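Please have the sequence and the coordinates open while reading this note. The points below are meant to be checked one by one against what is displayed.

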Amino acid sequence: MKKLNILFMFAIGLFLVSCEIEPISNPNDPAQGDVTQDASISELNALTSGIEDLLRSEVGFYYDVVSIIGRDYWFFTGSDPRYTGEVLGKGSSQLDNAGFYGNRPYAARYRTVKAVNLLTEALANTTAPLTDAEKSGYLGFAKTMQAYELHLALNLQYQNGIRVDVSDPNALGDFVSYDEALSFIANLLNEANTDLGAAGDAFRFTLTSAFEGFNTPASFATFNRGIAARIALYQGDMSAASGYLASSFMDMSNPLSGGPARFYANAAGDQANPLFRVPGNSDGIIAHPSWVAAVDPADARAAKIASREEISLDDLTGDHDVVVFGSLDDNVPFMTNEELILISAEANVGSDNSAAVAAIDAIRTANGLAAYGGGTSDSELMDEIAAQRQLSLFGLGHRWVDMRRWNRLDEVPLDRVDDDVWVQFPRPVSEN
Amino acid sequence: MKNFIQKLTLSLVLFLGTTAAAIAQGSVTGNVSDNEGNALIGASVLEKGTTNGTVTDLDGNFTITMNSFPATLEISYTGYETQSLEVTSGGNVSITLENSATQLDVVVVTGLASNIKRSNLANNVASISSKELTGIAVSNTTETALYGKASGTNIVASSGAPGGGISMKLRGTTSINGSSQPLFIIDGIFIDNSSIPAGLNIVSRAASGGSSSNQDNPSNRLADIDPNDIETIEILKGASAAAIYGNRAAGGVVIITTKKGKAGKTNINFGQSIGWTEMLNPLGVRQFTSETVANSSRFGNPTDIAAFEAAQAAGQIFNYEEELYGNKGLLSNTRLSMSGGNEKTQFFFGSTFKNEEGIVENTGYDKASLRLNVGHKINSWLDVDLTSNYVRSSADRGFFNNDNSGTTMGISFTSTPSWANLLPDENGNYPANPYGTSNFLETAAKVTNNETVNRFMGGAKLTAKLFTNDNSSLKAIVNTGFDTYNLYTLASFPNTVQFQRDGNGLNGVAVHGNSNVTRRNASAFLLYTNSMSNGLLSRTQVGVTYDDYDRNSIISESFDFVNTLTNLDQGVNIGGTQFRQISVNKGFFVQEELNYNDQIIATVGLRGDKSSLNGDPNKMFYYPKASLAVNIHEMVGLPSVLSNLKVRTAYGQSSKTPEFLDKYSLYNQSAIGGLPAYTPSSLYGNPVITPERQTEIEFGADFGFLNNRLLLDATYYIKTVDDLILRAQVPSSSGYSVQVTNGASLENKGIELGLSASIIESDNLNWNARLSWWTNSALVTELSIPSYTTGGFADFLGNYRIKEGHSPTEIIGVIDNPDLRDEDDLYVYGDAEPDWQMSWFNGLSFGDLEINWLLHWKQGGENINLSALLFDLNETTHDYDDTDLDPSGQLNNGDYRLSLLGTSTAPYIQDAGYIRLREIGAYYKLPVTLGDSGTLTLGVSGTNLINIFEYDSYDPEVSNFGSGGLSTGVEVTPFPSSKRVNFHIKANF
């Protein structure tokens, strides 16, 4: 009898261990799939802050390479010869399709794109008590930032085109051409703007102080329209650009007021401004002599550089540090009011040149220069706009993109005999 | 051959047409003793060909009721030759068993529920007895006691730091992404052998450079097991032997059986050993002269020249290798064990207290281990075996290995020339090292890096004889085990050390780590044995298994200290991280073993496994096995010189589950402007990831000559691993950078040869020896992604490369001659895998004097020696001024090696082969009797006393990246290895 008892217990044991294994969620970090299935409001807000966090991810590389190729500045560093080598096209060197300088900023933009797609999915599935207006607020913010990030990736890749449909990592959409990508981005911005219009008076999530003045659906929409104006400019659609500017945060009366930015803080657990370098060091960002020559010492924008002891590296010599950012705590703007005014100037050339001159003068006088006194033909005005953009948007990733869209890359100054000005970055090796 | 076939045919006829045997019951009584007349208690007496058997009592007596006459009685006892005795009628017999000169009769534990005699085994299972393990010398941990004692193993110590840290691979590398370490099972308990880092990276910054590994170099937890408690170790080297362990067995299985009590007189053993340890291979330091200082690019400036001249004039030139590594550490090991019991209950109690100093000041290892094993017969059909082991250990490991902050003692030592004065002043204040971020003498005096473990392991095994008749029996075996420990680590860097004071560093750092780990396992088996009168014995087993694992590690960091206390809340800034890891595995196993008269032994089995670590936790994966052993000498007449001839083959599959994080796509937690943020991780987890599947086939033959005084075994194996898990690059527009994928295969092939001989057998002189030789070579046979380099710091500093058609452990570097570059612009300089290894064990006894020694030869295998690079870069290398390297004879060695840096990695990839006198021990039994029959033994032993190697550092056995993964054999300023000498006294009552 006892033996039968044992046998019985044995059978129980068999039964116990043969049952199913419960799937184990990773207890250390939330799984993307779990959050997507049913996110709480605090999780949705963490996803939104995550997007804001990713907007600054590797973005230092973006500004550096665009500014170096556009000859805003050089990056002198003993730790990597590629900044003064491949990026400037030294000798016979080429941009590398596995190079960190082009691939890391590109990959980081798509991480933001992914974060937006995951937030969009989570919003569709969530059972948290959110109104439709509140959901529209999340979507309007996220889609605007997705469009912004796609346009940075497109700026690097240009005629290579980019992928715009990347929601399924196992079935990525095809590459689309530069023009198609711009249309996609423009549409996405318009969609986002519609969402923002339906988003009520306030966002349900909190943005950092870097979005001060842009943290309600209505005020954020003025940023959305500003980006839309930039894209329209890239598309060459001047009337659309002017239209968008009207709803943007453009303020002719206060040209130097800034715009929304990426948040940086030199604090534990946060990120420090990657573009600030202590002036005077041997590792530093050195203003390109052409920019030093272009800026009038009386121009307030001359404060973007600081003179230093002459420094040479790799047959390049400079004597000014770039001090666009003054500390590790400085935010990095997505877009400034100065840019909007300059877009307005450019959009008016050919249709309303006096409006263009007025916009130019707003910039000039605000920076301590006399009003524009040159010719007012279309081409003369474009030269002046190019000069003002070079000064106002120094170090903010525009010069190279501007010269490229104006077909003036051949005017970018070269420093060494065999240097090159690249048209675009090679498609990253992982995409092939 | 004809004879063989006749016998086989006859056997089959007998099997099929069962015969009617004569029934003539009767009892046989008898006594079993050894050749000195001592009664053997618990010897097994079996009516051959049946399950009818008994064991001897306290006086060595037995009574067995026979099923039939004539019959053969088989009497066996561990450590003795099995004897067969023909009995034709009831009556009294007396049997004397001879000491076993060979291992053939030893029972080998290979399975979850059943054992097998070594002579019937189809695999080359390495067995290590307690005598081989701990009988020669005192090793500091169990794993170091295994060196050279089993063929097919490759054991590499990570460093000489007290408390251990090894990597053990059986028959080659079996995983690329994960670890190739075997599963350790002690008395049925699955033992956790994790290496859990202490969080030193906050100071060392080791992970912020070319490698993202924190390189904390923790010990692995097998170190806690006391080798003195071990009776035997069986090593199942691959899937063909270990298939029944399924997804736990990819790296092989090491089955450890601890000592058990025997009925009879209580046996008490006391032992004390005292010894010292010292640096194994001092390199010396660069001897500077005014000329070499002046010519030095680092020191040839007025300040340093003046400093050198002044120090030389004052006689203040130091040998810092001696200052740092010159401590002669005191070793003490106290052992008390007791065993005994009666027929119903037997016990074994073992205790060890160990206290060892290291060769660096303030380093050392303390351990206390208590074990109690109890066996109890509840009634005639129910037995229970209980094991329990408590261990407390504390290791002060020093602060070594790579960093990116100049703070480890090893790195700081490389940067310091001999004239720098680092000694403390009369008030005990250490000067700042003018040639480095830290003063390593001060670091040794003040910095703590301690691991303290409190561990309990317990197991219970219940054996129920559910049903027995004359020729069949059914047993149920239920086995449970658990292993739980708390690992507390303290890394303290007080604010008075150079790299923490005066605004350097973080003004004092204390890192407290707390890990709680529990591993549990259980199995339940039914074992049905049926013996047929035609000599065929069938054993059928079926059962289920369960095991789980739970680790919870919390690391708290505190910095900005006002005082030199280490309490967390004394620091102003406190932060922390937590990591949990949980897994559950469930499986079943069925096996059928057929044994025809010990002539032909055939086994087939199937294991099924599911695991929470797999993409689909409830998908069952199946692993078959089959094996065949044929004892030809049992079947046919062989020339009398050939006393044993067995041919064998075994096939099996097993697997390795994915790593814990492989299946998850996660969000990282971060913060922006004080807001919590989720950002998608760049790792694309694979929700359908499957285990890495290993298939092994093994062939071998065992020969015995001259009544098995000479034994030869030869084994060849092919072990393939498919579905290897990789991190493959994905298009970055997906938002991810790498995806976990099953995407490679590799193959290991190897040969293992063993020769044991009882060379001299006489009354007062005995000499036996065992020679083992083994080799393994591996190849990546399939790789779904482009070849890549991994495991090191950078290609120009030497790296490992995973490439189709190449060894997975090949070491590549850059080369100056473009003609020698391969399609990846790299050059293969070597391979971490040795060409072959050989070990030679000798046991010599001369009356009451016994001398044993073990030689270990590892031929080939390369290391990446970056200690040498750091010495060179700092111009402090011991051979910097020699001139035997530059073919043009112009540059001295240091300048020559540096001139190649970046263009050729050749100088820093070095042969890591060695010949070592691993262990030697001499013991003399004094001609005195303690009490009734006690003995007193004196001895002396040494570990690593002779070391011959070309490798240009402290020890070719080294691993900066610890025991996991591929890249053992990268050296960056480790804690140097040491040699040991011990004196012993042992008393036995």
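1. The model is predicted, and local features need pLDDT of at least 70, side-chain atom pairs count only at pLDDT 80 or more, and totals for chains, interfaces and linings use all residues. Residues are numbered from 1 along each chain as its sequence is written, while chains are lettered from A and ligands numbered from 1 in the order in which they are written.

2. Chain A has 14 helices and 8 strands, where helices (H or I, at least four residues) and strands (E, at least two) are DSSP runs numbered from the N terminus. Its C-alpha trace spans about 110 × 50 × 40 Å along the principal axes. Of the 432 residues of chain A, 50% count as buried; a residue is buried if 20 or more other C-beta atoms lie within 10 Å of its own, exposed if 12 or fewer, and partly exposed in between, with C-beta atoms placed from the backbone.

3. Chain B has 12 helices and 48 strands, and its C-alpha atoms fill a box of roughly 105 × 75 × 60 Å, taken along the principal axes. The radius of gyration of chain B is 30 Å, which agrees with the value near 30 Å that a compact globule of 989 residues would have; this radius is taken over C-alpha atoms, and the globule rule is 2.2 Å times the number of residues to the power 0.38. Of the 989 residues of chain B, 51% count as buried.

4. In chain B, residues 24 or more positions apart account for 69% of the contacts with a separation of 6 or more, and in chain A the corresponding share is 72%. Two residues are in contact if their C-beta atoms, placed from the backbone, lie within 7 Å.

5. How is chain B divided into domains? Domain 1 covers 23–100 and domain 2 covers 130–261 + 328–988, with bounds that come from an automatic or database domain assignment. The C-alpha centres of the two domains of chain B lie 43 Å apart, and 7 residues of domain 1 are in contact with 8 residues of domain 2.

6. The contact between the chains takes 45 residues from chain B and 52 residues from chain A. Among the elements of chain B that each supply at least two residues to its side are strand E22 (448–468), strand E30 (667–672) and strand E31 (675–680). By class, the side of chain B that touches chain A has 27 nonpolar, 15 polar and 3 charged residues; Ala, Val, Leu, Ile, Met, Phe, Trp, Tyr, Cys and Pro count as nonpolar, Asp, Glu, Lys and Arg as charged, and the others, Gly among them, as polar.

7. Strands E30(B) and E31(B) run antiparallel and are joined by 6 bridges, where two strands pair if DSSP finds at least two bridges between them. They form a hairpin with 2 residues between them, and Gly673(B) in the turn has a positive phi of about 55 degrees. Tyr667(B) has Pro680(B) in E31(B) as its bridge partner.

8. Is Ala265(A) buried or exposed? Ala265(A) is buried, because 21 other C-beta atoms lie within 10 Å. It sits in the loop between strand E4 (261–262) and strand E5 (284–287) of chain A. Leaving aside neighbours within four places in sequence, Ala265(A) is in contact with Asp270(A), Asp329(A) and Gly673(B). Ala265(A) and Asp329(A) are 64 residues apart in sequence but 4.4 Å apart in space, C-alpha to C-alpha.

9. Some backbone details deserve a careful look. A cis peptide bond joins Phe69(B) and Pro70(B), with omega about -5 degrees, and Pro70(B) lies in the loop between strand E4 (61–66) and strand E5 (71–76) of chain B. Glu58(A), a residue other than glycine, has a positive phi near 60 degrees; it is found in the loop between helix H3 (41–54) and helix H4 (59–69) of chain A, and with 17 C-beta neighbours inside 10 Å it counts as partly exposed. Asn597(B), also not a glycine, has a positive phi of about 50 degrees, and with 18 C-beta neighbours inside 10 Å Asn597(B) counts as partly exposed.
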